[in-house]
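Subject: Handover of a structure

Dear colleague,

Please find the structure below, together with its sequence.

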Amino acid sequence: MSDFEGLKALVTGGASGIGRATAELLAFRGAQVAVLDLDPTSVEKPLLGYQADVTDDDSVRRAVAAAVADLGGLDVLINNAGIGAQGTVEDNDDEVWHRVLDVNVLGMVRTARAALPHLRKSSHAAIVNTCSIAATAGLPQRALYSASKGAVLSLTLAMAADHVREGIRVNCVNPGTVDTPWVGRLLDAATDPAAERAALEARQPTGRLVSASEVAGAVAYLASPLSGATTGTALAVDGGMQGLRLRPA
Ligand code: NAD
């Protein structure tokens, strides 16, 4: 029997990149999977798509309620929707800070609030938040993004403590630079996309970008009963960025 057989999962930001790879992997491994996204038009069966903006509490509540009704319950929440931001503290005004924190941090709070009453009824409840190596690495030109992911890391630990006795595990993954449409957009906007890509690759000890399916594998592990004794952890999926002390060649 597959490790996800009979489990019901909801993946936010599941129409693209890491979320999409995760939704597809969970479905492949036997879960029934709902995707919540700003634009779920590309979501195909067996995945179920629901439109919602994680900055809008009503739309999140409606989408979670509809997904739970269609799935017949909820065991797993993958809090993955997020947006990027570049620059130092001098480069972005308050409006941009509020926007990014609203999506990346409060977005996860809203989906968790809507999902927790349903997760409490599951005997295999798990939440996995997509954090980032930016939460701990001190990356240049990423002040706002790093602050948002630092908050996701702290939120993960606090939620793990709050819900451990309810049988709900809460963990996060810390990816390095992942080859997704998001990074594609970043490279397209660079003056020299090939040089920018080479710089991103060189930053990783493995010398290559992480793939979305490699992150999905780590998320799936933390979401599955195989990690039943693991809560309040951050699993690095970063080509060795956090653990190794290598200088780019
Ligand atoms: P992506 O842009 O390919 O996908 C993000 C998805 O989230 C899209 O489908 C988008 O529609 C959805 N989304 C964005 N804002 C939303 C909102 N307000 N409401 C609902 N859905 C929304 O990006 P990705 O690279 O797959 O990133 C996914 C997550 O992984 C993010 O949380 C990001 O911070 C994190 N992450 C990415 C990388 C990377 O290098 N790509 C590294 C570390 C962490």
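The ligand is surrounded by 28 residues, of which G13, S16, G17, G82 and T180 are the closest; a residue counts as near the ligand if its C-beta atom, placed from the backbone, lies within 6 Å of it. This shell is made up of 13 nonpolar, twelve polar and three charged residues. In that division, Ala, Val, Leu, Ile, Met, Phe, Trp, Tyr, Cys and Pro are nonpolar, Asp, Glu, Lys and Arg are charged, and the others, Gly among them, are polar. At least two shell residues come from each of helix 1, helix 3 (94-119) and helix 6 (181-189).

Two remarks on the model are needed here. Residues are numbered from 1 along each chain as its sequence is written. The model is predicted: local features need pLDDT of at least 70, side-chain atom pairs count only at pLDDT 80 or more, and totals for chains, interfaces and linings use all residues.

Overall form

The protein has eight helices and nine strands. These are DSSP runs numbered from the N terminus, with helices being H or I of at least four residues and strands E of at least two. Along the principal axes, the C-alpha atoms fill a box of roughly 50 × 40 × 35 Å. A compact globule of 249 residues would have a radius of gyration near 18 Å, and the 17 Å of the protein agrees with this; the radius is taken over C-alpha atoms, and the rule is 2.2 Å times the number of residues to the power 0.38. Of the 249 residues, 45% count as buried. A residue is buried if 20 or more other C-beta atoms, placed from the backbone, lie within 10 Å of its own, exposed if 12 or fewer do, and partly exposed in between.

Helix 1

Ten of the twelve residues are buried, so the helix is largely enclosed by the rest of the structure. Among these buried residues are G17, R20 and E24. After helix 1 comes G30, which has a positive phi near 110 degrees.

In soluble globular proteins, nonpolar side chains tend to be buried together. The largest nonpolar core here has 70 residues, and A9, L10, V35, V215, V219 and A223 touch the most other members. Helix 8 (residues 212-223) gives this core its largest share, eight residues. Such a core is a set of buried Ala, Val, Leu, Ile, Met, Phe, Trp, Tyr and Cys residues joined through C-beta atoms within 7 Å. Apart from neighbours within four places in sequence, V219 is in contact (C-beta atoms, placed from the backbone, within 7 Å) with T22, I78, V128 and V173.

Individual residues

K45 and P46 are joined by a cis peptide bond with omega of about 10 degrees. P46 is placed in the loop between strand 2 (32-37) and strand 3 (48-51). Q141, in the loop between helix 4 (134-137) and helix 5 (143-163), has a positive phi of about 65 degrees although it is not a glycine. Q141 counts as exposed because it has 11 C-beta neighbours inside 10 Å.

Methods: Contact = placed C-beta atoms within 7 Å.
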